[in-house]
Amino acid sequence: MKYFNFDENFLHTVLQEALKNGGEYADLFFEDTKINSIGYLDSGVDNTSLGNNYGVGLRIIVNKKTIYLYSNDTSNESLINLAKSASSIVNDKKHIINGFIESHEKNHHPLHINPFDINFDEKIAMLSYLDKKAREVSDKIKQVNLRYMEKQRNILVCASNGILKEDSQTYVRLVMVSMASDGVNTQTASRTKGALDGYQVIRDINLDEMALETANSAIKMLNAKYPKSGKYPVVIDNAFGGVIFHEACGHALEATSVADNASVFCGRLGEKIASDVVTAVDDGTIQNAWGSYNIDDEGNEAQRTVLIENGILKSYLVDELGSLKMNQKVTGSARRENYKYPPTSRMRNTFIDKGNSSFEDLISQIEYGLYAKKMGGGSVDPATTDYNFAVSEGYIIEKGKITEPVRGATLIGRGDETLMNIEAVSSNLELADGMCGSISGSVPTTVGQPAIRVKELTVGGR
């Protein structure tokens, strides 16, 4: 073992103890994670933090339900006691544990520059430069809020199905928010950049461009008018525009919802659930992408999963528990925030794949509509896919041309209906990093799409 020093035979004994009263499956998840973050506000360091998550989680699946215990004590005595406590709750048939097959997987996500080796002053200088450049754009930029995060996560998974695997995952992310005010109105604009990589992420950012984009976007929205309310065509741009698919459709394709019959897409494999131009993918193998990894938190290899192909539902996202409930193969998409959470099926890098239309084609055929250039936050009910999302930067489309900016627009709809109403998909696919919260905590996920045109959406304004 590279990152942890546990005796293989002893780990096997712990799982035997956990399953001595029965159960379908058991696993141990060890984690050693260090996290460093810097907050920069009002042209100075606002806060810094350095933390460490170290511990182990023990899970037993019995009668398709989960028993989960965790501890930050990984001594032999503690592990045996953890297993005894968990097994004492079980009263089921015996389960045979497979022998471990230790494998040394290739690292598909090379670490170019270890962020923990970079001097603190260099990171502060980078944040200071972004702050300065944004403020230079206009005296209307009243505040710049920056956050830098670096995390190195080492994990070990051993399970009753024979898995014994380790992985090391290093993340770096930068978030920038510029706030503009004219004394009456206030608007904000944000940009982020994150990857499963080291400080090379920051070195690759065009800092001037990032500062100018956030500042100019916030200023542009200050005096923009509100769009008219109603139903009309909407073009949603690429990158973070994919957040609607992620929230309104992606969650409804996770076994977390599907296995419990809490999704509109239950039992619909092989059915048409989207227009012919829609192919959607969840891919955990994209090199150094924010939502990628070598193995998931159950020790299964990451893979590329086609969810929808030309409008046809092809797959769900399935973890071990979901596999037992649904009788379907796991998809290497079991994730958790840390050892305190049992894993569940989660998205990784989820996107609508590129189409054949050009961006100009999407716009030119609209008599009157909305161009949602940048999406903001929103809410969704996974059971129904009803959603409500803010447009942080929008523009009116008139007679096939993008005209004046609008603010305060919201997009309201149902994910399953929106999928059927996507009538054109462009070729300008781009991904964007984000954080996703669910029952297994908050995990790095990527959203994305090319620009798409939805035939009709309810647009809220004034």
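Visitor: How many residues does helix α2 have, and how far does it reach?

Guide: Helix α2 covers residues 76–87, which is twelve residues, and reaches 17 Å from its first C-alpha to its last. That is close to the 16 Å expected at 1.5 Å a residue, where the expected span is 1.5 Å times one less than the number of residues. Helices (H or I, at least four residues) and strands (E, at least two) are DSSP runs, numbered from the N terminus. This is a predicted model, where local features need pLDDT of at least 70 and side-chain atom pairs count only at pLDDT 80 or more, while totals for chains, interfaces and linings use all residues. Residues are numbered from 1 along each chain as its sequence is written, and side-chain values use heavy atoms, with hydrogens and water left out.

Visitor: Which residues of α2 are buried?

Guide: S78, L79, I80, L82, A83, A86 and S87. Buried means under 20% relative accessible area, exposed means over 50%, and partly exposed is in between (1.4 Å probe, protein chains only).

Visitor: And what covers them?

Guide: The cover includes helix α1 (8–18) and the strands β1 (25–41), β2 (44–62) and β3 (65–71). Contact here means heavy atoms within 4.5 Å.

Visitor: Where does E24 lie?

Guide: E24 lies in the loop between α1 and β1. It counts as partly exposed because its relative accessibility is 22%. E24 and I60 are 36 residues apart in sequence, and their C-alpha atoms are 7.6 Å apart in space.

Visitor: What does UniProt say about residues 26–89?

Guide: The unreviewed UniProt entry annotates them as "domain: Metalloprotease TldD/E N-terminal". UniProt positions are given in the numbering used here, feature names are shortened, and annotations may be inferred rather than shown by experiment. The span is 19% helix and 66% strand, with its end C-alpha atoms 14 Å apart.

Visitor: And residues 114–222?

Guide: The annotation from that unreviewed entry is "domain: Metalloprotease TldD/E central". The end C-alpha atoms of residues 114–222 lie 40 Å apart, and the span is 35% helix and 44% strand.

Visitor: Change of topic. Which domains does the domain assignment give?

Guide: Domain 1 (115–150 + 170–223) and domain 2 (230–460). The bounds come from an automatic or database domain assignment. The C-alpha centres of domain 1 and domain 2 lie 26 Å apart, and the contact takes 17 residues from domain 1 and 18 residues from domain 2.

Visitor: How much area do domain 1 and domain 2 bury between them?

Guide: About 1,400 Å², 49% of it on carbon and sulfur atoms. Buried area is the accessible area (1.4 Å probe) that two parts lose on being put together, summed over both.

Visitor: How many residues are in the largest nonpolar core?

Guide: It has 44 residues, and those with the most contacts inside it include I236, I308 and L419. A nonpolar core is a set of buried Ala, Val, Leu, Ile, Met, Phe, Trp, Tyr and Cys residues joined through side-chain atoms within 4.5 Å. The largest share of this core, five residues, comes from α6.

Visitor: What does I308 touch?

Guide: Not counting residues up to four places away in sequence, I308 touches several residues, among them F245, I273, V278 and L419.

Visitor: Last one. Is T418 buried or exposed?

Guide: T418 counts as buried, because its relative accessibility is 8%. T418 sits in helix α10 (residues 415–421). Leaving aside neighbours within four places in sequence, T418 is in contact with Y387, V454 and L457.
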